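Work through the exercises below with the sequence and the 3D view open. Try each task before you read its solution.

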Amino acid sequence: MLGFLLTVIRRDLLLAARRRGDWLTAQFFFVMVVSLFPLGIGPEPELLKRIAPGVVWVAATLASLLSLPRLFADDHRDGSLEQMLLSPEPAVLLALGKAVAHWLIYGIPLLIVAPVLGIQFALPAEAIGVLVLSLALGTPILSLLGAVGAALTLGLRGGGVLLTLLILPLYVPALIFGAGAVDAMLAGTGAEANLSLLGAFFVLSLIVAPWISAAALRVSME
Amino acid sequence: MSINWYKYSAPATFYGLAGRLVPWFGGAAASLTVIGLYLSFFVAPTDFQQGEAYRVIFIHVPAAWMSMFIYLVMAAWAAVGLAFNTRLSFMMARALAPTGAMFTFVALWTGAFWGKPMWGAWWVWDARLTSELILLFLYVGIMALWAAIDDPRRGDKAGALLALIGAINVPIIYFSVKWWNTLHQGSSIKPSGTSMDEVMLAGMVVMAIAAWFYTIAVVFVRVRRIILERERHTEWVKHVLEGA
């Protein structure tokens, strides 16, 4: 079972490595969206520091949504998804593996870029640390819940926009706890409470979301 | 005497039953609304803190209750449909969503009318307003998914799964938003008793029951349309339509 999971993850990583343009696009989207805010709002460091957690977190959710429609679509088009679902291995592991691969490809680079953006927004060092930590706990949630949306909208016309509509409301708790952790750090009350809640939400998503993604994949392939 | 409930899980028999029940629920909803509005606007005393503007709550609170309750009922029908693969359950879920979204919208709209004189703002980002807004987004998402999928069987199940994950998420969203910011006044109705005048409470309860009956009547009308649309190739529908 673990072997199947690792195979799914390795396969997606290999495909991503062969097509570097895809994930670079999502990263630059993330950086550009964040960089637009100072241009729109003004360069005062105090103001930027105040909005930085929210801006980075909203941009992270949008960047994850940008890449999600492709999560199952390519495999669906060439028929390999159907073969994987027909295999005796549980579909839950397939859904979980896909979400993990999505996080490794699109989530980890966000963590690497986020400190640079934090510096641009005049965040102090300890707040940048909390920002990276909150993204490390929160972006897996985005991948896990996003996989549900990607499976539900598989093969539909206008699937990308629809996916946004379905999944953004479900992202709200992650956004609140994630940005809240950095805010609390800046306010001096400590980020532990928000990070703990974010961790709890992550564990719940990890348990529930793959089952629903798997069921949604079966529904979409009928 | 035992009733054979399974008989009414078939769309064809439920179509007739719902048709017979609609006038009763509709009539009850109309008369209770009249009674409730009379109690709310003529009998209930003026609130000494909030003046006359508080009377918005007689519509606002039942609408807010219904918006959340309908979501749960919809998710429950979705779960029943996924578990037992009964077509009628999915049709009920589909019929409930527009009414739920309508009540959510009414709750937000009337809340704005209440907020302007009380807080001096049409909208504040407080916990309950925000979670109600997100509830509206959830309804819209589910209805958009249903609208995007042409195959009714796939649409039923996909929407049901989304309703389920939404139902798991609703309490989390509620508490996250609550801890995020709270400015809304506390609930007036608490399990340990209420801080309201009895007539005010009566008016609100009557309005809430009217909202229930209205929902049932409208959902039955809508589910009858869905049944006709889905079963249009069957003999009994041709029979019904020729008779009409």
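The exercises go from the whole model to single residues.

This is a predicted model, in which local features need pLDDT of at least 70, side-chain atom pairs count only at pLDDT 80 or more, and totals for chains, interfaces and linings use all residues. Residues are numbered from 1 along each chain as its sequence is written, while chains are lettered from A and ligands numbered from 1 in the order in which they are written.

**Exercise 1. Confidence**

Task: State the scores of the model and the mean pLDDT of chain B.

Solution: 
- Start with the whole model. Its ipTM is 0.86 and its pTM is 0.87.
- Recall the term. pLDDT is the predictor's confidence in each residue, from 0 to 100.
- Now take chain B. Its mean pLDDT is 84, and 90% of its residues reach 70 or more.
- Keep a caution in mind. Where pLDDT is low, the predicted coordinates should not be read in detail.

**Exercise 2. The outline of chain B**

Task: Describe the helices and strands of chain B, then its span and its burial.

Solution: 
- Know the rule. Helices (H or I, at least four residues) and strands (E, at least two) are DSSP runs, numbered from the N terminus.
- Count them. Chain B has seven helices and two strands.
- The pattern along the sequence is α-α-α-α-α-β-β-α-α.
- Find the span. The C-alpha trace of chain B covers about 65 × 40 × 35 Å along its principal axes.
- Sort by burial. A residue is buried if 20 or more other C-beta atoms, placed from the backbone, lie within 10 Å of its own, exposed if 12 or fewer, and partly exposed in between. By this rule, 36% of the 244 residues of chain B are buried.

**Exercise 3. Where the chains meet**

Task: Which element gives the most to the side of chain A that touches chain B?

Solution: 
- Define a contact. Two residues are in contact if their C-beta atoms, placed from the backbone, lie within 7 Å.
- Count both sides. 23 residues of chain A are in contact with 23 residues of chain B.
- List the elements of chain A that give two or more residues to its side. They are helix H7 (125-152), helix H8 (159-187) and helix H9 (192-221).
- Pick the top one. H8(A) gives the most, with 10 residues.
- Classify the residues. Ala, Val, Leu, Ile, Met, Phe, Trp, Tyr, Cys and Pro count as nonpolar, Asp, Glu, Lys and Arg as charged, and the others, Gly among them, as polar. The side of chain A has 18 nonpolar, three polar and two charged residues.

**Exercise 4. A bent helix**

Task: Follow H8(A) from its span to the residue after its end.

Solution: 
- Check the span. H8(A) has 29 residues and reaches 40 Å from its first C-alpha to its last, close to the 42 Å expected. The expected span is 1.5 Å times one less than the number of residues.
- Locate the bend. H8(A) bends by about 40° at Tyr171(A), and Pro173(A) follows within four residues. The bend is the angle between axes fitted to the seven residues ending there and the seven starting there.
- Judge the surroundings. H8(A) is largely enclosed by the rest of the structure, because 22 of its 29 residues are buried.
- Step past the end. Gly188(A) follows, with a positive phi near 85°.

**Exercise 5. Ala216(A) and its partners**

Task: Is Ala216(A) buried or exposed, and which residues does it touch?

Solution: 
- Ala216(A) lies in helix H9 of chain A.
- Count neighbours. Ala216(A) has 26 C-beta neighbours inside 10 Å, so it counts as buried.
- List contacts, leaving out residues up to four places away in sequence. Ala216(A) touches Val148(A), Ala151(A), Leu152(A), Ala158(B) and Leu161(B).
- Cross to the partner chain. Ala158(B) is in helix H5 (residues 152-180) of chain B. Ala158(B) is buried too, because it has 26 C-beta neighbours inside 10 Å.
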